[in-house]
Amino acid sequence: MEIVGNTPIVKSKKKQIKSKKITWKNIKEQRVLILMALPFVIWLLVFSYSPLIGWVIAFQNYKPQNGFFGSDWVAFKHFADLFKEPLFYKALKNTLGMGILGLVFGTISSISFALILNEIRFTKFKKFTQTVSYLPHFVSWVVVANIVSQTLAPSGIFNQILQSLHLIDRPINFLAVPKYFWGIVTLSDVWKETGWNAIIYLAAMTSIDQEMYEAAQVDGASRWEQMKSITLPSIRPIIIVLLIMSIGNLINIGFEKQMLLGNNIVADEALVIEKYALDYGIGMFRYSFGTAIGIFKSVVSILLIVIFNNIAKRTGQGQLM
């Protein structure tokens, strides 16, 4: 402590935290765990990281017969061509549109379904509902697309219900109306994945201290008030982490749904980036152009994760990294 005039000044000493060095003794003690983790590390290296070598062809005028070393280098030509393509922006708009709709409605439906299941006290019915809700996740999109197509067909059950309720005068071919396509894809995805996505939220709810609910009941809190004041705040970190991960995949929505549910009439609304890369990249033997699209997607995904993770970190709502 130093005294300047009559004012005491306390100097705080910063603790120097020494990083723990990894020694052979530590490795020997952890050898069983290291050996257990090694297959997964090898799997990641082989199937996730080694293919990144192929990114080099995005900067070449790649020809399979010439290989990596025989193809001409063109720097960022394919990226420049990509950003000049009007169809690319159409695909980007559709991808982000359906991605955002799927993120919003998928997250809300999964959390809501988990909350409802958590409140069910009849154990047998709860287990039966959980099992039934998980099953659509394991059904192929080919089967799901066929079910949706039959349901929404002019002679399908959905049109029959609407006509019986006198809401429409004649059947509507919903899959042939472009303005309905995004909504159909989103609802199909929500139906298929809600039960599966609710698993993590249900697992998080089981870890909540039951004494909090008992104290709330003593205070006269209703079930709704308990959900709002105890359940949701307790699983908020899990919601934030899963939301950040989902945002990172906002541009990686695949193309199976769009390809199976789409047709020539709604082709403009069904075109997404991965279908665009398939048709106008690999499908036209433009391997370098298709790789450039893949790199663009990866960079956007990383940026989205980093940005929203930092936002969550600064607001103190949880974080992924």
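**Talking through the model**

Student: Does N159 count as buried or exposed?
Tutor: N159 counts as buried, because its relative accessibility is 0%, where buried means under 20% relative accessible area, exposed means over 50% and partly exposed is in between, using a 1.4 Å probe and protein chains only. This is a predicted model, in which local features need pLDDT of at least 70 and side-chain atom pairs count only at pLDDT 80 or more, while totals for chains, interfaces and linings use all residues. Residues are numbered from 1 along each chain as its sequence is written, and side-chain values use heavy atoms, with hydrogens and water left out.

Student: Where is N159 found, and what does N159 touch?
Tutor: N159 belongs to helix 8, residues 157–164, helices being DSSP runs of H or I with at least four residues, strands runs of E with at least two, both numbered from the N terminus. Leaving aside residues up to four places away in sequence, N159 touches L152, A153, P154, I168, P171, I172 and F174, a contact being heavy atoms within 4.5 Å.

Student: What ring does F174 pair with?
Tutor: Of the 17 aromatic pairs counted here, one joins F76 and F79, which are tilted at 55 degrees with centres 6.0 Å apart. F174 pairs with Y180, also tilted, at 5.6 Å centre to centre and 45 degrees between the planes. The rule takes rings of Phe, Tyr and Trp (its six-membered ring) with centres within 6.5 Å, and calls planes under 30 degrees apart stacked, over 60 edge-to-face and the rest tilted.

Student: And are those two buried or exposed?
Tutor: F174 is buried, because its relative accessible area is 11%, whereas Y180 counts as partly exposed at 32%.

Student: New topic: which residues touch the most other members in the largest nonpolar core?
Tutor: That core has 19 residues, and A114, Y201, M205, I208 and I235 touch the most other members. Such a core is a set of buried Ala, Val, Leu, Ile, Met, Phe, Trp, Tyr and Cys residues joined through side-chain atoms within 4.5 Å. Elements giving two or more residues to this core are helix 5 (86–119), helix 9 (178–206), helix 10 (210–218), helix 11 (223–234) and helix 12 (236–248).

Student: What does I208 touch?
Tutor: Not counting residues up to four places away in sequence, I208 touches Y213, I230, T231, S234 and I235. Apart from this core lies another, of 18 residues, including M98, W141, I253 and V272.
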